[in-house]
Amino acid sequence: MTQMLSRRGFLKLSSTAAAVASLSSIPGTLGAMEESKKHYKGTTKFTPSICEMCTSSCTIEARVEEGKGMFIRGNPADKGRGGKVCARGSAGFNQLYDPQRLVKPIMRVGERGEGKWKEVSWDEAYTFIAKKLDEIKQKHGAHTVAFTARSGWNKTWFHNLAQAYGSHNLFGHEATCPLAYDLAMDDIFEGGVSRDFAKAKYIINLSHNVFEGIVISYARQYMDALAHGAKVISLDPRFSTMAAKATEWHPIKPGHDLPFVLAFMHTLINDNLYNKKFVEKYCEGFEELKASIAEYTPEKMALECDIPAEVIKRMAHEFAKAAPKALFDFCHRVTLTPQELELRRAIMMCNVLVGAIEQEGGYYLNKSAGFYNKYLGESDAKAPVLKKPKIPAYPKVEVPRIDRIGEKDSEFFLAKKGNGIVTLIPKATLEDLPGVPYRLHGWFIARNNPVMTQANTETVIKALKAMDLVVVYDIQVSDTAWFADIVLPDTTYLERDEEFTASGSKNPSYGVGRQKVVEPIGECRPGWRVAKELAEKMGLGAYFPYQDIEDYRLQQVGDNIDLLAKLKATGMASFGVPLLLQDKKSVAAFVKKYPSAASKVNEEGTIDFPHKIKLFSPKLEAVSKKGALSYEPYKYKEADELYFINGKSAVRTNGHNGNNAWLNNLLDDAAVWIHPKTAERLGIKNGDKIDVYNKYSTQKGKALVTKGVREDTVFAYFGFGHISKELKRAYGKGVNSNSLYSPLVSPNSGMNLHVVGVKVKKA
Amino acid sequence: MNQIWGSMEQYSTLVWHWPIAVYLFLAGLSAGAAMTSLIVKWIEGNGKPPWDGLIKAGALLAPLTICLGLVLLIFDLTRPLMFWKLLIHYNFGSVMTLGVLGLFIYTPLSFIYAAIKFKPWLFETGPFAGLLRPFKGLLDKVGDNPAWLERTLFLFAVIIGIYTGFLLSAMYSYPLFNTPLLPILFLASGLSSGIAASILFGLLFFKSEVNEKNAKYLLELDLRVVPMELLLLFALFVGMYFQGGDKAIIAVQALTTGIWAFVFWGGVIGVGIATPLLIAITALKHHAYRVGYILLNSLVVLIGVVFLRLYILYAGQTFVG
Amino acid sequence: MAKKYGMIHDNNLCIGCQACNVACRSENQIPESVYRLQVWVKQEEYPNGGLGYEYHRQSCVQCENTPCVSVCPTHASYKNEDGIVLIDNDLCVGCLYCVAACPYQARYVHPVTKAPDKCTFCHESRLARGEEPACVTVCPTDALIFGDLNDPKSKINKALSERVTYRQKESLGTQPKMFIVPNHKGGIRS
């Protein structure tokens, strides 16, 4: 049995930390709470859960240690992550007892962004929100309130609330992060794909810095590949940790990844390096693709991307030779271009062209229960599918969403409704969007921080200020909460249980979501409860037919109590055996386990793809004339400007944990990388205070003179220059990169653009 | 790469600060003063009361300065209330423990020696005479010329003088400390400061009791020790230079960089060595007995030794390669 | 047989992410202003003109021949039967001789106890429970290997027989039990 420990003793450390970090007097914060009212109760046994210090959602386990505090480590049951966590993950404990975190609802009493608050009860908060939402509904329609929820579990609760209320304007954070590649894989493969880095022999990496923007499993796999002698090519305008570990580093021109990929593909096709058999059998649209990229010769594209033509060609030859253990990483966030969707599609197609799909060391399709079960015989046990409680139909909304997803002609048709194009919200608030007969009047934001994470901060703040209602649900007065009318205190991930999750890699897998390690501190409440209680206040209780999270989980597993028990005990479960459709050994093992699947095996001993792989997209062609690939040069900067790019450091994220004391102490200011020659030209020395400026903003920073960045480029870690004054440790420190970026929303993918022109001068 | 690992404040190589330098100075001075007093006392004809002013000055300086130094040392501990643990826990491999043991013997001996020299004041004329009278018998038993005590005291004065050097030279984390010449240098400069302090103290407070011959003798002795220091410093740095690698770089840095190079050339060499030599070959030429210059001479020697201790301690901890 | 704990820090696997740094703080309740463990990352330009990052684990190297223990006047600094250098706060007077004598700058003055403090391989907490030190437990890329050097079958001995290693400031004769695998792109820069 789990032993509960309740004592002040285990908090000695955090209270010292609190004393050091200047007591916070902000209403509603932990620091402002009376000592006697603080209750700390936690479990002393390792409890499997999921980290939330960034969005990578690594598996962890945590326990309270008597007289000490808490220790967090990776979940050793997760072989892919090896029981490991990064610095952010280890610092989770510090977030829990941060005196600056919010533990009571607070309401604005001054102007937005003035920082004047009063504490309110939950009931007052719900009453206020319900009344305001009703007013907007009466005046403008419920659809004029946008609901943003950062990730899965919050979407479950708050998107449900939104739709019950009558708004279909649902958003996640995706358009500021991974959306383009999700869309690309949906278009090409009709489903998600994963990368088998560990077994690859040749990897091309475009600024996918897994050693700083750490996803534990990716970092381990890349390291594994390198240790086994894989060749890793890093194309990155700056010398990242990935570039340092890679076999080769080529400082590519920022924003010019697409010309490189097109030239690479050109070589694959024109030098006959592609896998003709694979392309013929499993793909469609090859001829259209070939025709569309005919003009993008390496010689021509070399001038664009600044990688010599012979180097591009050599790489293409090496890549094809290594196939199928060849992996062109479709990356994450890289140096984004307005042609984001083309870029991700082009990368994925390179892997398709050499047939490195569904084999070790290449891409593989994510096999959720639905996918996997299709290959099983009638008599075989099926992978369980998690259920959802039955709820009444949502009220129908007659007008289109702001991103027009769901309309026939929407350029963003590939995006899921739950993701949406969050980057459009400021525009949809401040101006009339074509084909959208209304403007937004309210923004309900659960655990997302668009002021920090969306490009062009000024526009985001302007939109927030123009709203009739801004509700923020977060663990702290984030930069977005700073402009809110009401801020509701979320639980940290160590204080709440969550819904079970189902996903798939080589076979279906299930996760426990999060599990409570300590009881919620103060009056913070988990999302499943806040959404339900608010809905009840609004008379929408029927949409939340569960007692509590335990009840919800029971409904999810149905009668599969074994699954419930296993998930709670170990944090994860999987079904069946790994399956790679094009790998004979894997298929043989699969058939051995499920003999009835033999009928699905082809004459080569592999299994055919369920769909044709699309090298040409008829839908994109119909909507935007972009079925094939093309390169449209974009002017990122003026001739006398430098490229400005950003990236993630290993000890901070963009929007969320810059104020964590332990992490902030490691790095509190993001010095701007500048090449020695550029620095000399501008009269800047290492450590000098500098201004980084363009027409959007002027940011104050420090210079880091290093050969690790191109001469025409400056680089800074993102997640700095926080705007909320309640984030006392992080406020105003370092360059806020999103302030410098343009408000551009990329066609078809809705992504922000993270390359911009700036000037730099000594401050 | 940005510095993402946090503050590096804790890595200051400067661990020991000025109180240690002052302690090293005072301990050296104490040892030097004890030796000075004994050397003068052992001169033919000086072995009986009334004691020469220089003998008295040295005898008094030895216990006082060592006690002052020890008080400084204790308050410089980060846990001063725990200092008594030093007295009951020993690590015979640690120079500090050996120092403590040495001081256990040296300090009481220096007090007894001083008491013998100030017998009339202690038991008859001084303010504590009444209080101390019962102990007079004990001291009388020791006598005015206890050879065993004086020899042991001399031996331990040498040990104390040397130990302050070994205390630093035992640390190979600091190349400038970690040289076999340092203990000798500290002994020599300790003796030099002891002589100077005795002369200064003697001429200021026991002037009428100072025999000019003895003062001249000491001046001459000091004039031999001071060039010896110069030689030792020369050997120390040149020796380091020829060791090559980091040590050569450190030797050059320590003599050429920043405030500590300035202290070395101006304070240690200029004030502490060149000035007394200059005074010796000018104002005090042909053994002239000019009290003003003699006092000045002693003063600059003392200041020079303070500078030397400060310089070695700080430069040693600053230039680490 | 007594144990002899040692550790390997592999520069090729280390990514300088500071997971070890923070895990150590969490496990050992290190006050915010000080560190038992940091990984310093330094950009290097190799003789062939290429760039690289060198990773230096800044922490106690657990010498066999211990300058800190040698100089300690009260035996507050000592080496236990498993070869781990520890500090007995009850005996410490705070002379800082050990702090000064350590050629690796592994010791700092604990702001609360005022006694020197340093890496103990998590001896007092994790080793006692049969767990590896916190830094090793969390290291995302397995750049740290911990184990008993006296056990011929231990992971660390296996790794030592397969990888080229060196130790910092070996010429001082301190015989650290922290072994470093140099970056194969750059070479040994001790």
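Modeller: Start with a salt bridge. Side chains of opposite charge can pair when their charged atoms come close. The rule asks for a side-chain nitrogen of Lys or Arg within 4 Å of a carboxyl oxygen of Asp or Glu. Here R710(A) and D712(A) form such a bridge, at 2.8 Å from N to O. This is a predicted model: local features need pLDDT of at least 70, side-chain atom pairs count only at pLDDT 80 or more, and totals for chains, interfaces and linings use all residues. Residues are numbered from 1 along each chain as its sequence is written, chains are lettered from A and ligands numbered from 1 in the order in which they are written, and side-chain values use heavy atoms, with hydrogens and water left out.

Biologist: Is R710(A) buried or exposed?

Modeller: Buried means under 20% relative accessible area, exposed over 50%, and partly exposed in between (1.4 Å probe, protein chains only). R710(A) has a relative accessible area of 10%, so it is buried. R404(A) counts as buried too, because its relative accessibility is 18%. R404(A) pairs with D409(A), and their closest N and O atoms are 2.7 Å apart.

Biologist: Which parts of the chain does the pair R36(C) and E124(C) link?

Modeller: First, the bridge: the closest N and O atoms of R36(C) and E124(C) are 3.7 Å apart. The pair links distant parts of the chain, 88 residues apart. R36(C) sits in the loop between α1 (19-28) and β2 (38-45) of chain C. E124(C) sits in the loop between β7 (116-117) and α4 (134-138) of chain C. Those labels are DSSP runs, numbered from the N terminus: helices (H or I) have at least four residues, strands (E) at least two. R36(C) is buried, at 8% relative accessibility. E124(C) is partly exposed, at 44%.

Biologist: How many salt bridges does the structure hold over all chains?

Modeller: The total is 80.

Biologist: Now domains. Into which domains is chain A divided?

Modeller: Domain bounds come from an automatic or database domain assignment. Chain A has domain 1 (184-366) and domain 2 (642-762). Their C-alpha centres lie 27 Å apart. Contact means heavy atoms within 4.5 Å. Domain 1 of chain A gives 23 residues to the contact, and domain 2 of chain A gives 27.

Biologist: How much area do domain 1 and domain 2 of chain A bury between them?

Modeller: The size of an interface is often given as the accessible area lost when the parts come together. Buried area is that loss (1.4 Å probe), summed over both parts. The two domains of chain A bury about 1900 Å², with 61% of it on carbon and sulfur atoms. In domain 1, R238(A), R333(A) and L336(A) lose the most area to domain 2, together 33% of what that side buries. Across this interface the rule finds 1 salt bridge. Also, D306(A) forms a salt bridge with R710(A), at 2.9 Å between the closest N and O atoms.

Biologist: What about contacts between chains? How many residues come from chain A and from chain C?

Modeller: Chain A gives 45 residues and chain C gives 37. The area buried between them is about 3200 Å², and carbon and sulfur atoms give 56% of it. There are 4 salt bridges between chain A and chain C. R220(A) forms a salt bridge with D142(C), at 3.0 Å between the closest N and O atoms.

Biologist: And how many salt bridges are counted between chain C and chain B?

Modeller: The count there is 0. Polar contacts are another matter. A polar contact is a pair of N or O atoms within 3.5 Å; within protein, one must be able to donate a hydrogen and the other to accept it, and residues adjacent in sequence count only if both atoms are side-chain atoms. Chain C and chain B have 24 residue pairs in polar contact, both residues at pLDDT 80 or more. The contact takes 44 residues from chain C and 35 from chain B.

Biologist: Last, the helix. Why is helix α19 of chain A called largely enclosed?

Modeller: Count its buried residues. In α19 (residues 527-537) of chain A, 8 of the 11 residues are buried, so the rest of the structure largely encloses this helix. Among the buried ones are W528(A), K532(A) and E533(A). The buried residues of α19(A) pack against several elements of chain A, including α4 (122-139) and β18 (469-474). After α19(A) comes G539(A), with a positive phi near 75°.
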